[in-house]
Amino acid sequence: MASGSVEGEQSSLADDYDALISTTDVELLKRAWRNEKAAPEILRFESDLITRVREQIELMEETVEEKLTVGTDPLSVSLYQMDLDRTLFLLRSYLRIRILKIEKYMFHIRKTEELWNRLSKDEKFFTERCTDDLKKHLEESVLSKLPENYQSYERQSVISEEDDMVPEPRLDTFVLCRSKEYLTGIQLEDGPVDDRSKLFEMEPDVLYFICYKSIKPLVESGKIDLL
Amino acid sequence: MYGRKASQLVKEFASGEKGQLTPFNNDLFDQVVAECSQHHGELQSLIRKMQEKGLDVQTARNADHYGALIHLFSIVRNKRCLTAYVYNRAETIRNLLWKIGPVIPKEIEENLNHWEEEYFKKHSAALKSYMSKVLVDLTVTL
């Protein structure tokens with residue numbers, strides 16, 4: 001038996017392990033959390049993943065309970081507890097980051113169909129309430145006291161051609177990102193005008209610092225991860 | 001007039017410590033609102049003047065037109081400043097809610113005006129409702 005084949009076997013085991021680890025729900029949650037943290041706009045709600053994560057959290061809580069009652073050694077219990085805490089942390093942080101983005105850009109999200117469709121059902125309720133509350137607040141404090149023609153909370157006056165008072169996130173900020181595969185055909189949005197037609201490529205597992213706008217669709221399709 | 005007081009209002013907010021709320025400046029606020037009505041009156045009288053002269057208000061470009069434009073810009077500038085004042089204070093209020101929870105300490109409550117207190121309560125309720133639906137307390141220190 002040549003040593004080469006043993007090494008080959010070991011490295012393919014390592015690959016399998018990597019592949020397994022990278023698709024556990026905790027890893028997926030971590031990835032969703034990192035993307036959400038780094039992206040300037042709100043991303044699609046990972047509905048299925050979050051449902052599974054919640055079920056797993058419940059399971060973990062039951063496991064910890066059970067271990068405590070049968071008197072398992074404290075070290076083992078604390079390991080299960082740490083696992084539970086870590087998952088809870090990721091879930092809380094993921095939801096909280098999204099809620100903060102909603103609070104910041106509520107009017108924009110409410111009126112942009114693409115963004116509205118990325119929210120979970122509960123987030124949609126929350127956004128509706130938020131926008132109603134803030135709109136009412138602005139109307140009562142300011143807008144109702146102004147002359148007619150200037151009472152819109154979205155436009156400066158009836159003469160405005162678009163909703164010029166709605167804050168939006170800046171999509172041209174730069175983000176650190178990485179792709180798992182070799183990607184070609186990326187159009188850079190921020191180069192000099194005559195260079196904009198030059199297409200950009202990304203090599204797998206290399207870190208890049210790019211304008212978010214240029215890679216927006218690739219983040220949405222899951223081909224690029226943000227860090 | 002012409003946006004000067006409005007810019008004072010905004011500067012007052014900007015110069016405050018981030019995350020802290022100064023008392024709502026009702027006086028200055030009301031003065032800016034009153035100026036909007038004044039500008040509006042002047043604007044309308046200039047438009048009337050143009051109409052009396054038989055000019056097409058949409059296309060004529062005389063002194064009255066430019067005067068009216070200045071008044072228009074003043075109103076819109078005032079509106080932006082007033083809205084920015086209220087909007088940014090509302091943002092600070094929401095951040096406070098995250099930091100200290102749904103009960104406002106007396107020292108901070110004194111600095112809010114009546115509508116801001118209402119807004120704080122409403123937003124607090126909205127957050128609470130969301131958190132109870134997702135069954136996760138998001139205000140736990142992470």
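## Polar contacts and the interface of chains A and B

A polar contact is here a pair of N or O atoms within 3.5 Å, where, within protein, one atom must be able to donate a hydrogen and the other to accept it. By that rule, 10 residue pairs, both members at pLDDT 80 or more, are in polar contact across the interface of chain B and chain A in this model, which is predicted. On the side of chain B that touches chain A, helix 2 (26–52), helix 3 and helix 5 (114–134) of chain B each supply at least two residues, and helix 3 of chain B gives the most, with 13 residues. The residues on that side of chain B comprise 23 nonpolar, 6 polar and 9 charged.

The contact draws 41 residues from chain A and 38 residues from chain B. The area buried between chain B and chain A is about 3800 Å², and carbon and sulfur atoms give 68% of that area. Between chain B and chain A the count is 1 salt bridge, in which the side chains of Glu91(B) and Lys104(A) meet at 3.5 Å, N to O.

## Helix 3 of chain B

Helix 3 of chain B runs over residues 63–100, and its 38 residues should span 56 Å at 1.5 Å a residue, which agrees with the 55 Å that separates its end C-alpha atoms. The residue that follows helix 3 of chain B is Gly101(B), whose phi is positive, near 85°.

## Two residues with contacts across the interface

His40(B) is found in helix 2 of chain B and has a relative accessible area of 15%, so His40(B) counts as buried, the cut-off being under 20%. When residues up to four places away in sequence are not counted, His40(B) touches Pro147(A), Glu148(A) and Tyr150(A) of chain A, together with Ile75(B) of chain B.

On the side of chain A, Gln151(A) lies in the loop between helix 7 (121–141) and strand 1 (174–179) of chain A, and with a relative accessible area of 36% Gln151(A) is partly exposed. Leaving aside neighbours within four places in sequence, Gln151(A) is in contact with Leu143(A), Ser144(A) and Leu146(A) of chain A, and with Lys79(B) of chain B. A polar atom of the side chain of Gln151(A) lies 2.9 Å from the backbone oxygen of Leu146(A). Gln151(A) and Glu139(A) are 12 residues apart in sequence, and their C-alpha atoms are 7.7 Å apart in space.

## Salt bridges within chain A

Over all chains, the structure holds 25 salt bridges. In one of them, the side chains of Glu36(A) and Arg98(A) meet at 2.8 Å, N to O; this pair links distant parts of the chain, with Glu36(A) in helix 2 (residues 25–38) and Arg98(A) in helix 4 (residues 74–104) of chain A, 62 residues apart. Both partners count as buried, Glu36(A) at 1% relative accessibility and Arg98(A) at 0%.

Glu36(A) also forms a salt bridge with Lys101(A), for which the closest N and O atoms are 2.9 Å apart. Because Glu36(A) lies in helix 2 of chain A and Lys101(A) in helix 4 of chain A, the pair ties together parts that are 65 residues apart in sequence. Lys101(A), with a relative accessible area of 10%, is likewise buried.

A further salt bridge joins Glu46(A) to Arg44(A), the closest N and O atoms being 3.7 Å apart, and here Glu46(A) is partly exposed, with a relative accessible area of 27%. A network of salt bridges links Glu41(A), Glu114(A), Arg118(A), Lys216(A) and Glu220(A).

## Overall build of chain A

Chain A has 8 helices and 5 strands, which follow one another along the sequence in the pattern α-α-α-α-α-α-α-β-β-β-β-α-β. Of the 227 residues in chain A, buried residues make up 38%.

Definitions and conventions
Residues numbered from 1 in each chain as written. Chains lettered and ligands numbered in written order. Predicted model: local features only at pLDDT ≥ 70, side-chain atom pairs only at ≥ 80, totals over all residues. Heavy atoms only, no water. Helix = DSSP H or I, 4+ residues; strand = E, 2+ residues; numbered from the N terminus. Expected span 1.5 Å × (residues − 1). Contact = heavy atoms within 4.5 Å. Buried area = accessible area lost by both parts, 1.4 Å probe. Salt bridge = Lys/Arg side-chain N within 4 Å of Asp/Glu carboxyl O. Nonpolar A, V, L, I, M, F, W, Y, C, P; charged D, E, K, R; others polar. Buried < 20%, exposed > 50% of the residue type's maximum accessible area, 1.4 Å probe, protein only.
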